[in-house]
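User: Hi! I'd like to go through this model with you and hear what stands behind each label you use.

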Amino acid sequence: MDDGEREKALLAALTTEHYALQSSRAGTIEEATGRATIFLSVLSAALIGLGFVASNDKLVRPYVAAALPTLVIIGVLTFLRLVETTVENSLALLRIQRIRAYYHHQLASEHEFFADSVVTEDSMETAWTLVGTRPGRWEYLLTTAALVGAVNALLLGLGVALVTGAAGAGHWLAVPVGVVAALVAFGVQFVYIVRMSASRMS
């Protein structure tokens, strides 16, 4: 195989890979949306159920004791997978950017086509330049994983507040303890998102 045929074969392979990566990105976004929707639907159903039993003192405590841990477990599992889909999406974006850089270098270097695809040393910056988003750790607050993490933190804070109140502490103590627990829980989840993304994208 001569150089010309090799170049054509490589271009065909890169075009196929480009399409596959775009499909992969669409799949991660669809999965993230589906998982978040399922979690929020379960949460909504639990709140509706709570409304039915709220007037019955004999049922409300067992219901909350069963529903709240279930929601937290589902929320944590959903959060972990959403972090993975965020990383997978970023990796696919980086690989697409590298293919576009090849297009620019080999086929369109004299034009502005794919001019934004020049690969830099910063992998995260390289990936997200493609979609026009300035990279930074605070951008992770806008992800679906962070959204579910915030709901998880609220549920955990609520649980801590209820347990604190049931232990005999007054509302003046239970509420602040719950708020602190929620903030700590969200902070832990946010740090996890940042670290997982940085480690996989480096």
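Analyst: Happy to! Let's begin with the surface: the protein chain exposes about 12,400 Å², and carbon and sulfur atoms supply 65% of that area. Areas here come from the Shrake-Rupley method with a 1.4 Å probe, and for residues only the protein chains shown count as cover. The model is predicted, so local features need pLDDT of at least 70 and side-chain atom pairs pLDDT 80 or more, while totals for chains, interfaces and linings use all residues. Residues are numbered from 1 along each chain as its sequence is written, and side-chain values use heavy atoms, leaving out hydrogens and water.

User: What makes up the secondary structure of the protein chain?

Analyst: Five helices and zero strands, in the order α-α-α-α-α from the N terminus. Helices are DSSP runs of H or I with at least four residues, strands are runs of E with at least two, and both are numbered from the N terminus.

User: Where does UniProt place the feature "transmembrane region"?

Analyst: The unreviewed UniProt entry places it at residues 32–54, 60–80, 140–167 and 173–194. Such positions use the numbering used here, feature names are shortened, and annotations may be inferred rather than shown by experiment. In the model, residues 60–80 are 100% helix, with end C-alpha atoms 30 Å apart. Residues 173–194 are also 100% helix, and their end C-alpha atoms are 32 Å apart.

User: Why is threonine 85 called buried?

Analyst: Its relative accessible area is 3%. Buried means under 20%, exposed means over 50%, and partly exposed lies in between (1.4 Å probe, protein chains only), so threonine 85 at 3% is buried. This residue sits in helix H2 and, leaving aside neighbours within four places in sequence, is in contact (heavy atoms within 4.5 Å) with Thr28, Glu31 and Ala32. Over the 202 residues of the protein chain, 35% count as buried.

User: And why is valine 76 called partly exposed?

Analyst: Valine 76, in helix H2, has a relative accessible area of 36%. That value falls between 20% and 50%, so the label is partly exposed. Valine 191 in helix H5 has 36% too, so the label is again partly exposed.

User: What makes Ile73, Val76, Leu77, Leu80 and Tyr192 a nonpolar patch?

Analyst: Patch residues need over 30% relative accessible area and no salt bridge; nonpolar side chains (Val, Leu, Ile, Met, Phe, Trp, Tyr) are joined within 5 Å, like charges within 9 Å. Valine 76, at 36%, passes the area cut-off. Together the five have about 430 Å² of accessible area, and helix H2 (residues 57–106) gives the most, with four residues.

User: Which residues touch the most other members of the largest nonpolar core?

Analyst: Phe79, Ala145, Val148, Leu155 and Ile193, out of 19 residues. The elements giving two or more residues to this core are helix H1 (3–53), H2, helix H4 (144–166) and H5. Apart from this core lies another, of seven residues, among them Leu14, Ala92, Tyr102 and Tyr103. A nonpolar core is a set of buried Ala, Val, Leu, Ile, Met, Phe, Trp, Tyr and Cys residues joined through side-chain atoms within 4.5 Å. Leaving aside neighbours within four places in sequence, isoleucine 193 is in contact with residues including Phe79, Val83 and Ala145.

User: How do you know that arginine 35 and glutamate 31 form a salt bridge?

Analyst: The closest N and O atoms of the pair are 2.8 Å apart. A salt bridge needs a side-chain nitrogen of Lys or Arg within 4 Å of a carboxyl oxygen of Asp or Glu, so 2.8 Å qualifies. Both residues lie in helix H1, four residues apart, about one turn of the helix.

User: What makes the bridge between glutamate 31 and arginine 81 a link between parts of the chain?

Analyst: Their N to O distance is 2.7 Å. Glutamate 31 lies in helix H1 and arginine 81 in helix H2, so this pair ties together parts that are 50 residues apart in sequence. Arginine 81 counts as buried at 19%, because the cut-off is under 20%. Glutamate 84 also forms a salt bridge with arginine 81, at 2.7 Å. Through shared partners, Glu31, Arg35, Arg81, Glu84 and Glu88 join into one network, and the structure holds four salt bridges.
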